[in-house]
Amino acid sequence: TSDYLQTEHKPAIRQHFPNASAKIIPGCGHWLHAEKPLLFNGIVERFLQQQTDKTAAITRYALRYIVV
């Protein structure tokens, strides 16, 4: 559990960030990037790759409709 992100915050987070997701890294405090850098970096890298994949798919789709 987190002292910063609590269950009662979930509706507001979903309202403002509908695609948000949370990951739990056991045994970490507030500085999880320093406490478990390999695990943290892996989660961030996967997230960024997913965003890149989505952007690439949207770009490929859009390019089909560009008339030159």
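Predicted model: local features only at pLDDT ≥ 70, side-chain atom pairs only at ≥ 80, totals over all residues.
Is Lys 23 buried or exposed? I looked it up: Lys 23 is exposed, since its relative accessible area is 57%. My cut-offs are under 20% relative accessible area for buried, over 50% for exposed and partly exposed in between, with a 1.4 Å probe and protein chains only.

Residues are numbered from 1 along each chain as its sequence is written, and side-chain values use heavy atoms, with hydrogens and water left out.

**Loop between helix 1 and helix 2**

I placed Lys 23 in the loop between helix 1 and helix 2; helices (H or I, at least four residues) and strands (E, at least two) are DSSP runs, numbered from the N terminus. From Lys 23 to Ala 34 I get 16 Å, C-alpha to C-alpha, for eleven residues of sequence.

Asn 19 is in the loop between helix 1 and helix 2 (32–35). Its relative accessible area is 78%, so I log Asn 19 as exposed.

His 30 to Pro 18 comes out at 24 Å, C-alpha to C-alpha, and they are twelve residues apart in sequence.

**Pockets**

Next I ran the pocket search. On a 1 Å grid over the protein atoms alone, a cavity is a set of points where a 1.4 Å probe fits but cannot get out, and a pocket is an open set with protein on both sides within 12 Å along at least five of seven lines; lining residues have an atom within 4 Å of a point. Grid points are joined across faces, edges and corners, and a volume is the space filled by probe spheres set on the points.

The largest pocket has about 1200 Å³. It has 27 lining residues, and Lys 23 is among the closest to its centre, along with Ser 2, Leu 5, Ala 22 and Ile 24. Helix 3 gives the most to this lining, with four residues. I sorted the lining of the largest pocket into 14 nonpolar, nine polar and four charged residues (Ala, Val, Leu, Ile, Met, Phe, Trp, Tyr, Cys and Pro nonpolar; Asp, Glu, Lys and Arg charged; the others, Gly among them, polar).

The second largest pocket holds about 310 Å³. Its lining includes Asn 19, Lys 23, Phe 47 and Lys 54, and divides into three nonpolar, four polar and three charged residues.

**Helix 3**

Last entry: Leu 48 lies in helix 3 (residues 37–63), and I call Leu 48 partly exposed because its relative accessibility is 46%.
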